[in-house]
Amino acid sequence: MRRSRIIVAAVAVALAVPALAVSSAGATSQNADHQSDQGAATSYVVLTQAGESAQTLAEQLRADGASVTSVNEAIGLLTVTSRNTGFVSRTRGLAGVEGVGRDRSIGSHPEAAGPRDAVENEAQLAAVAGNAPAAATSARPGDPLDSLLWGMDMINAPAAHQIERGDHRVTVGILDTGIDGDHPDLHSNFSKKLSRNFTTDIVDIDGPCEFAGCVDPANWDDSGHGTHTAGTVAAALNGMGLSGVAPGVTLVNIRAGQDSGYFFLGPVTSALTYAGDAGLDVVNMSFYLDPWLYNCAGGAPEDSASAAADQDVAIEAITRAINYANGHDVTLVGSLGNNHEDLSQPRHDVSSPDYGADPYERTIDNATCHIFPVEGPNVIGVSSLGPSGKKSDFSNYTTDLTSGEIEVSAPGGWFRDGFGTPTYRANGNQILSTAPTHILQNSGQVDASGNITPAGVAAGVQKACDDEGKCGFYRYLQGTSMAAPHATGVAALAISAHGHKDASPARGFTWEPASVAALLAATATDHACPAGGVQSYTQEGRSAEFTATCVGTPEFNGFYGAGIVNALGVVQ
């Protein structure tokens, strides 16, 4: 997850503005009266009432002059672009419409939103300044760089690989910024046939478009975030580079994130419903749904009526999409968030909306406000640990063990781990995984000839080449984004070991998500709260705001959930 549960019940949300039953003819006849009501081009999401046809509604909206960019019949969601300032009020009046919300204003990116990857790139900023000692590593068999993967040791992946490396019929969707399908450590496990891109690049946040129509191919990643998560899940065990948790399973790019790291409602819901239709087994979700860090039913007290309506639509739509995927036997894994926050007692939200308008301070009520997708129904929430086993300073947690906000924990890295030792503030305290070459070249860490630059050396960038001379690169990142794919890989191993052939032609292998989640929790390695129940990070240079209270038993607590995911445990 950029910044920044026991299976939970579906979120039932009543949208703030009920639909009014008026005829489509009436809406069309109003079109001529409002042709002059032109404003900025804005993207909207329109949600149909249960049982209503999204295609029929799309025809009505086109007749009214709107541009329908996508139709998701599975959950009744349309994304629509319109310049008409009366679009929202008039569309809410159509028969069969449950709600309308703004998806985003085209070309409106507030600078106040700040850097979106400060947590994940904390070490790289420090490394450029020359403070980049190497962390201690383990020595074990595997691919050449596997000795740098302390996280794999923590979850017993090497021992699990002696029993199960992952069935190639098991498909893992990476719902992220894309996958570099040509990376030599991913290529053999990457399914170009199944992969899809549900986004269109937006120039004001993503920069100039690299491909025709601003639509990147499905084997491309112009951020590197998705490629990094994919490598942790299933980099091949092929004698080069490094190996993933489940190095034998199939990776599928179901891209819903912009190059810049924003994840908007339309692409995310389309990716989730596609995962169900395509028969994917597991989906990794290392993000939260923009533009609201917290989506609040009825809005936060400071929100306008339109902002509240936007969030109501988002809550209902993402909940429908999650339930649809889960109902099609897709196991969903989500990162818990990098906001160093007690999710049961959230602080004020000062970063939302992060796109389309300037952010403002919002009062967050835990009963009505949620981070999606991780706090949605049937999503396995994963917190982050450093090499010492301590909760990473940035990782979210909970002090309410009945809230269903955390299920398990996993290695996500912690740059500041090892205080008082040579490994403090070391690159190796983070997670090493696959990186697109052009991303490292753009950042100055690899030169045009494919050589690691001094800046790349300082940041710990690694290079590996196969027998044919094709080379790939690897970089360190930290975050709950890096923890979730460890759990996703363990889930893929669980399905490989205990799943069964499915009768559906769309699915080769399957296992029910509830069974997967139960096994992950039952086999997780117990981890007790710190002595005294309080973890301070002041010696590592953090403010008192980061100090966290852990409640619960070694078997289940607010830092670690049911424990650290255990690859060996699920395959035995």
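I began with asparagine 378, which at 15% relative accessibility counts as buried, where buried means under 20% relative accessible area, exposed means over 50%, and partly exposed lies in between (1.4 Å probe, protein chains only). The model I am reading is predicted, so I kept to local features with pLDDT of at least 70 and to side-chain atom pairs at pLDDT 80 or more, while totals for chains, interfaces and linings use all residues. Residues are numbered from 1 along each chain as its sequence is written, and side-chain values use heavy atoms, with hydrogens and water left out.

Backbone around asparagine 378. I placed asparagine 378 in the loop between strand 11 and strand 12, taking helices (H or I, at least four residues) and strands (E, at least two) as DSSP runs numbered from the N terminus. Its phi is near 60 degrees, a positive value in a residue other than glycine. The loop between strand 11 and strand 12 (379-385) also holds proline 373, and I noted that the peptide bond leading from phenylalanine 372 to proline 373 is cis, with omega near 10 degrees.

Other backbone entries. I found a cis peptide bond from aspartate 290 to proline 291 as well, with omega near 5 degrees, and proline 291 sits in the loop between strand 8 (282-285) and strand 9. Arginine 425 has a positive phi, near 55 degrees, in a residue other than glycine, and I located arginine 425 in the loop between strand 13 and strand 14 (431-435).

Disulfides. I counted four disulfides, using the rule that a disulfide is a pair of cysteine sulfur atoms within 2.5 Å. With the bonded cysteines numbered in sequence order, the pairing reads 1-2, 3-4, 5-6, 7-8.

Cysteine 296 lies in strand 9 (residues 295-296) and cysteine 369 in strand 11 (residues 369-370), so the pair ties together parts that are 73 residues apart in sequence. Both of these cysteines are buried, and the torsion about their S-S bond is about 115 degrees, so I recorded the disulfide as right-handed.

I then turned to cysteine 209 and cysteine 214, joined with an S to S distance of 1.9 Å; the torsion about this S-S bond is about 90 degrees, so this disulfide is right-handed. Cysteine 209 is partly exposed, with a relative accessible area of 28%.

For cysteine 465 and cysteine 471 I noted sulfur atoms 1.9 Å apart and a torsion about the S-S bond of about 100 degrees, so the disulfide is right-handed. Cysteine 465 is partly exposed at 40% relative accessible area, and cysteine 471 is partly exposed at 27%.

I traced an open sheet of seven strands in the order 6-7-5-8-10-12-13, with parallel pairing, where two strands pair if DSSP finds at least two bridges between them. Strand 6 (196-197) and strand 13 (408-411) stand at the edges with a single partner strand each, so one side of each is left without a neighbour in the sheet. Strand 6 runs parallel to strand 7 (residues 250-255) and is joined to it by two bridges; arginine 196 has isoleucine 254 in strand 7 as its bridge partner.

Whole chain. I recorded 15 helices and 20 strands in the chain, and buried residues make up 63% of its 572 residues.
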